Amino acid sequence: MLRNHDTEGILAAVGPRMAMLHESISEVQHWEIGPGIRKQAALSFQLVKLENIPIIQAFVDMSPAEVLANWEINAGRPPKIWSGTFEFQDLFTLDTNMWRYVLTSYQDGAFYDIEINASSWPAAMTSEERLSAAWLALEFYLGERVLLEKIGHVEVLKSLTTAQRKRFSALPDLPDHLKHIQKKT
């Protein structure tokens with residue numbers, strides 16, 4: 001999968017500690033190796049649930065810098081660098097570039113509920129599939145950790161009223177929007 005990366009070196013460096021990580025986390029732990037955003041390659045741990053963040057972050061913090069000079073290690077899958085279009089369950093091609101959202105803040109910005117509207121939902125998609133696709137798109141835009149830490153509830157709306165249209169923003173703007181409002185709090 002990866003070329004010109006020291007995949008064996010990363011696995012040798014972190015492999016012995018994987019058993020400790022697996023024992024510490026209540027859910028089955030998954031990890032992915034792929035191209036990095038800031039470095040050549042990345043090792044990203046799937047968080048599964050919010051309670052796993054401190055455990056995985058401690059593991060990440062223990063990573064030896066000399067072995068991992070060209071690797072970034074992530075507690076949670078990072079945001080994707082993508083076009084906003086994805087295949088959902090090999091059935092539907094979804095373009096999130098025209099999706100709209102509005103956030104509702106709770107506990108002074110500690111977390112948010114989000115309502116999402118897409119005028120382009122395929123008619124054959126069930127409401128459960130739309131909700132799953134919305135969660136997946138949010139993870140692609142925000143990354144797994146921010147999604148778990150900041151988004152409490154997701155609601156998918158089939159249509160918007162005129163008043164709602166004025167409040168809703170383009171979904172691709174969500175990462176910058178969250179960063180902006182987090183600076184204020």
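In the predicted model, Leu 174 touches Tyr 101, Leu 103, Ile 114, Leu 138 and Leu 142, residues up to four places away in sequence being left out (contact: heavy atoms within 4.5 Å). Residues are numbered from 1 along each chain as its sequence is written, and side-chain values rest on heavy atoms, without hydrogens and water. Because the model is predicted, local features require pLDDT of at least 70 and side-chain atom pairs pLDDT 80 or more, whereas totals for chains, interfaces and linings use all residues.

Leu 174, Leu 94, Leu 103 and Ile 114 touch the most other members of the largest nonpolar core, which holds 27 residues. Such a core is a set of buried Ala, Val, Leu, Ile, Met, Phe, Trp, Tyr and Cys residues joined through side-chain atoms within 4.5 Å; buried denotes under 20% relative accessible area (1.4 Å probe, protein chains only). Elements giving two or more residues to this core include strand 6 (100–106), strand 7 (111–117), helix 3 (127–142) and helix 6 (174–184). Helix 3 supplies the largest share, 7 residues. Another core, of 13 residues, lies apart from it and includes Phe 45, Ile 56, Leu 68 and Ala 75.

Ser 44 is found in strand 2 (residues 41–45) and is buried, with a relative accessible area of 5%. The side chain of Ser 44 makes a polar contact with that of Asn 74 (2.9 Å). Beyond neighbours within four places in sequence, Ser 44 contacts residues including His 30, Trp 31, Glu 32 and Arg 77.

Of the 185 residues of the chain, 42% count as buried.

Conventions. Buried means under 20% relative accessible area, exposed over 50%, partly exposed in between (1.4 Å probe, protein chains only). Helices (H or I, at least four residues) and strands (E, at least two) are DSSP runs, numbered from the N terminus. A polar contact is a pair of N or O atoms within 3.5 Å; within protein, one must be able to donate a hydrogen and the other to accept it, and residues adjacent in sequence count only if both atoms are side-chain atoms.
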